[in-house]
Amino acid sequence: MKKNETFEVVKLTATDYDEERAFLTKCRKALRRKAFFYPYTDDQLRAVMDGGEAFGVRGENGRLVGTFNIDLDEEYAKELAAGIRNSTGGAVDVHACYEASGLMVDGGYRGKGLGKTLMRAVTTRANELKIDLCGVVHIENIASLNTFLGQNFVIAGLFELNSRYIFLYLLKKFDFSFEFTQECDRISIRETGAVKRALSMAKLGTAIVGDEIVFSRLSRTGLK
Ligand SMILES: CC(C)(COP(=O)(O)OP(=O)(O)OC[C@H]1O[C@@H](n2cnc3c(N)ncnc32)[C@H](O)[C@@H]1OP(=O)(O)O)[C@@H](O)C(=O)NCCC(=O)NCCS
């Protein structure tokens, strides 16, 4: 990364498909924990870029150094919401939350605020569209969890695809913020069973400290 390099957030369109695909493939290959970025199939990426909203960050030479998308697939948004209702025993009242997916910053550019910049672009757009967002993040991916939690997402669900892929659902409602009573539990990200139990008791994750999730109890069920 060049010293004092400036960056621009851009909307990507279907014509940028090959570039985003090559960027994601290259960056995922370089990850130490590949499970942290669940890859799109070619069709899924096309559908997200054609039917959803795709954002990128470009450096001074125009090179793509970060991506983040909103998947506007309605059926999938309902599935994610059902997952959150199931995880929280119905305490979180959400009916469709659209996946914020494809968050990736080039390895040489991490830790400089670009993830946060992309997160702001996506949440601003979700507010304009009046839609709730859901991040699906590997339970051990602290950098990504912090990037979502930093924009007031809350950990509201857990989904176990298999033993390699255990995901947390991070929810951001566009029209209100959850209110919590004080912090009630801290649970290690490795204790999947305990995380599930906390969620089922209407406790939501609001921060990460070390490798522990900080849980707080909802003050009023799903209401402002
Ligand atoms: C997740 C990712 C996009 C974050 O991008 P980034 O540009 O490095 O993030 P930022 O510098 O904007 O930091 C955002 C927040 O995350 C925190 N963070 C970033 N890297 C971190 C790390 N390695 N450990 C702990 N927290 C970290 C920052 O402190 C910041 O929190 P703050 O707002 O409270 O200060 C980047 O690490 C990445 O591309 N990872 C590989 C792909 C991946 O895992 N994608 C997520 C798929 S769900």
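Lys130 sits in the loop between H4 and E5, with helices (H or I, at least four residues) and strands (E, at least two) taken as DSSP runs numbered from the N terminus. This is a predicted model, where local features need pLDDT of at least 70, side-chain atom pairs count only at pLDDT 80 or more, and totals for chains, interfaces and linings use all residues. Residues are numbered from 1 along each chain as its sequence is written, and side-chain values use heavy atoms, with hydrogens and water left out.

Though not a glycine, Lys130 has a positive phi of about 55°. Lys130 is exposed, at 58% relative accessible area (exposed is over 50%, buried under 20%, partly exposed in between; 1.4 Å probe, protein chains only). Ala202, in the loop between helix H6 (192-200) and strand E9 (203-209), also has a positive phi, near 65°. Ala202 is buried, with a relative accessible area of 18%.

## Contacts with the ligand

Now for the polar contacts (pairs of N or O atoms within 3.5 Å). Asn141 puts a side-chain N or O atom 2.8 Å from an oxygen of the ligand, and Asn146 has a polar side-chain atom 3.0 Å from a ligand nitrogen.

## The shell

Strand E4 (97-105), helix H4 (114-129), strand E5 (132-138) and helix H5 (142-149) each give two or more residues to the shell around the ligand. H5 gives the most, with 5 residues.

Technical notes. A polar contact is a pair of N or O atoms within 3.5 Å; within protein, one must be able to donate a hydrogen and the other to accept it, and residues adjacent in sequence count only if both atoms are side-chain atoms.
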